[in-house]
Amino acid sequence: MELSDGLLLQVNNGEQWCNRWKHPNEDLDRSTSPSVLRCVTSTWKEGLLNRKRPFVGRCCHSCTPQSWERLFNPSIPSLGLRNVIYINETHTRQRGWLARRLSYVLFVTERDVNKDMFTRNVVDNVLNSSRVETAIVTVATEMDAAASQPGPEQKAVTKVKQKARAFLQKMVANISPAFIRLTGWVLLRLFNGFFWSIQIHKGQLEMVKKAATEQKVPMVFLPVHKSHIDYLLITLILFCHNIKAPHIAAGNNLSIPVLSILIRKLGGFFIRRKMEEIEDGKKDILYRSLLHTYTEELLRQQQFLEVYLEGTRSRSGKPSPARAGMLSIVVDTLCTGTISDVLVVPVGISYDRIIEGNYNSEQLGKPKKNESWWGIACGVFRMLRKNYGCVRVDFNQPFSLKEYLDTQRSRHIPPPLSLEHTLMPTIISAQPDALLFDGREEEQMNRELPDDILRRQLIDNLAKHVLFTANKSSAIMSTHIVACLLLYRHRQGVVLSKLVEDFFNMKEEILSRDFDLGFSGNSEDVVMRALHLLENCISVTSSSNRNGEFTITPNQTVQALFELNFYSNGLFHVFISDAIIACSVLSLQRELVMESDQLPSSLLLSQERLIRKAAALSLFLINEVAVAPPCQTIYQVFHDAVTRLIQYGVLYVADEDQEELSPSPTEEPWPKKFNEPLSWRSDEEDEDSDFGEEQRDRYLKVSVSVEQKEFFVFLQRLLSPVLEAYSGAAIFIHSLSQPMAESEYTQRLFRYLLTRTERGVAAYGESATHYLVKNTVRTFKELGVLKERRENKVTTLELSSTFLPQANRNKLLQYILGFTLL
């Protein structure tokens with residue numbers, strides 16, 4: 001994969017201050033570096049030349065095999081990357097001195113603002129639809145009934161219809177071609193001021209453009225949500241590539257005076273933050289019918305949509321659980337035959353540093369500030385004074401929603417199982433409160449689902465699949481790697497040369513797993529720029545060694561740990577399956593030591609038992625991260641993870657007749673194992689085999705080699721903050737002696753975990769983030785630890801009958817601590 005000149009510009013822009021930091025006593029034109037760094041840099045360049053960077057963003061071959069073949073050809077990966085905000089005369093039709101000076105103006109005026117993006121009679125069509133008319137009559141009838149009048153009079157209907165029209169006028173987009181061009185020029189100039197580059201893959205955009213021009217069906221973009229800039233990025237990139245800009249579903253928190261007009265002129269339409277928002281204890285059927293019909297009308301007129309499944313920006317650096325309200329409208333519109341098909345485009349977005357900087361205020365439990373002009377002005381002023389590094393946007397291969405739904409209907413979709421059902425026997429070896437095990441689990445798994453539950457499960461699986469795909473395609477940024485290394489490999493500090501060496505090793509490992517990187521250039525300089533972007537979270541001290549190297553240490557303040565954790569979570573999904581296996585090995589070793597009194601190094605670990613334990617842990621952490629898309633079996637994911645760790649030499653097979661499959665425990669370190677990336681298989685590819693049943697169980701041992709042990713500990717540390725938060729929550733439930741409002745319980749739990757961090761009791765300060773606290777409460781409710789009741793619009797929590805005995809609460813705590821690196 002080649003890199004364009006525009007992308008490589010950002011490598012040179014930072015050299016001056018990089019050299020000033022690396023060599024404070026030298027002139028700026030001297031760029032010599034310590035011998036160890038020259039060696040590492042040389043190795044990094046050789047690795048980049050010898051390894052072909054993966055092409056990310058292909059759709060799922062298992063769920064959409066026809067879409068997999070469509071739009072793609074072997075030349076697409078070789079098209080390489082482009083920096084969207086780097087514009088010169090070669091990007092225009094003109095040449096010469098004046099063209100160079102006016103290149104941005106010429107580029108913007110030459111873009112094609114597609115006339116098809118303008119809707120026709122959308123307000124009248126929505127108000128005259130049967131769904132909205134029925135809702136209007138229903139609301140009018142209820143108004144008359146409340147007023148003790150005999151029936152729905154025309155006056156009430158007219159009043160409700162006026163209310164509906166007012167709703168629509170505030171909701172609908174009002175696209176302006178001139179304003180789109182003006183905004184394009186402004187954004188190109190502004191983004192050049194505070195981003196080094198905005199990278200896209202030309203091959204990915206080629207597939208999207210081909211789909212937009214050749215297939216006359218609407219397209220729905222489903223990006224991950226990291227920052228408020230996401231809205232502008234997608235529109236700008238599509239505008240720059242002559243692709244019709246989408247209508248954007250924006251939260252009504254952005255509907256503030258003047259700004260709302262500007263957003264609507266760019267294609268935004270406003271929706272309530274909660275689809276189930278109610279008035280006077282009843283669902284607002286009028287608003288829901290208007291939103292449903294308006295979205296349906298946009299799709300009928302073949303408009304493109306942009307919907308954020310998470311509903312809000314991620315405060316943790318990991319994807320938030322999907323909210324499928326808007327997606328369900330798209331699916332229903334297709335299923336009713338209003339449109340023939342929809343193309344779905346997951347979009348991954350990665351930032352070196354988000355313009356918000358961090359979400360520490362909200363992670364410390366403070367309420368989110370409402371958007372305002374003052375906040376926007378302060379944000380713009382703050383942005384203009386700083387640089388936020390690079391941005392990478394990955395557009396996935398468009399796939400047919402019709403094909404996806406047809407494929408899913410042809411498969412057996414098992415009914416959803418609760419955490420209480422699946423994990424309660426494992427944790428306390430007891431029956432859950434609401435469901436007794438009577439030997440009919442297999443029968444229930446094979447039963448057919450009612451149509452309404454099947455529809456809900458289809459949409460839920462689609463949302464999870466899209467979000468998993470978008471997150472998997474998101475590039476790993478330099479700040480993600482550096483933050484992760486500082487927190488979970490060198491928490492006590494590291495010299496610069498060692499950090500660069502580990503950065504190189506981590507980069508190679510990420511590429512071998514088929515994830516792409518969002519940076520390029522000299523390895524040492526990339527690390528220096530990442531440290532510069534994270535300067536508020538680290539301490540740099542000079543060393544007394546002869547090379548005059550610096551020692552970098554992460555700050556131990558709560559705010560610094562929260563921010564480093566946010567960026568570290570950008571690569572959490574890369575290692576999650578291996579990390580779960582590593583923690584499961586720890587738990588299994590502890591169990592076997594209790595059973596046999598052997599040393600951990602001499603224990604034989606059953607692979608089948610290990611994978612079952614990992615599967616249980618992944619279900620327990622289901623609100624933290626997805627280890628696989630819905631179409632892939634968890635067993636296969638963890639079997640691949642075990643195989644990978646065996647190939648690395650971290651684990652090795654103990655059976656004599658299988659030793660050829662296992663590297664020696666003293667073989668070369670983990671980052672140097674693969675020349676080619678590993679692939680994964682879906683459950684469909686293996687559906688005719690008895691995988692896992694006919695294979696003989698094998699027994700494993702953990703390597704005692706220092707290099708492999710370091711990597712194993714690193715994997716266990718990745719999950720340690722999460723497990724520490726859950727273990728703290730398990731301790732805290734002992735104090736729940738009577739029912740308590742959920743908001744009060746959550747706040748008290750947060751204060752408890754934060755106090756543990758501030759007093760140095762917690763090993764990982766980042767375990768006290770408000771996001772993790774809310775996830776522990778949610779998980780404990782789903783697990784049946786906490787029982788919720790709703791009275792007078794207030795949700796209260798209390799211990800379930802199963803966990804009233806202290807012995808069972810202790811079993812929950814011991815279950816979590818069994819996986820935790822102490």
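Colleague: With which residue does R392 form a salt bridge?

Modeller: In this predicted model, local features need pLDDT of at least 70, side-chain atom pairs count only at pLDDT 80 or more, and totals for chains, interfaces and linings use all residues. Residues are numbered from 1 along each chain as its sequence is written, and side-chain values use heavy atoms, with hydrogens and water left out. A salt bridge places a side-chain nitrogen of Lys or Arg within 4 Å of a carboxyl oxygen of Asp or Glu. With the closest N and O atoms 2.8 Å apart, the partner of R392 is D516.

Colleague: How many residues apart are R392 and D516?

Modeller: R392 lies in strand β10 (residues 390-395), whereas D516 lies in the loop between α23 (496-512) and α24 (523-533). Helices (H or I, at least four residues) and strands (E, at least two) are DSSP runs, numbered from the N terminus. The pair links distant parts of the chain, 124 residues apart.

Colleague: Are R392 and D516 buried or exposed?

Modeller: Buried means under 20% relative accessible area and exposed over 50%, with partly exposed in between (1.4 Å probe, protein chains only). Both R392 and D516 are buried.

Colleague: What is the relative accessible area of E624?

Modeller: E624 forms a salt bridge with K318, the closest N and O atoms being 3.1 Å apart. K318 is buried, at 6% relative accessible area. E624 is also buried, its relative accessible area being 2%.

Colleague: Which residues are linked with R53 in a network of salt bridges?

Modeller: The pair R392 and D516 belongs to this network. Together with R53, the linked residues are R392, D516 and D394.
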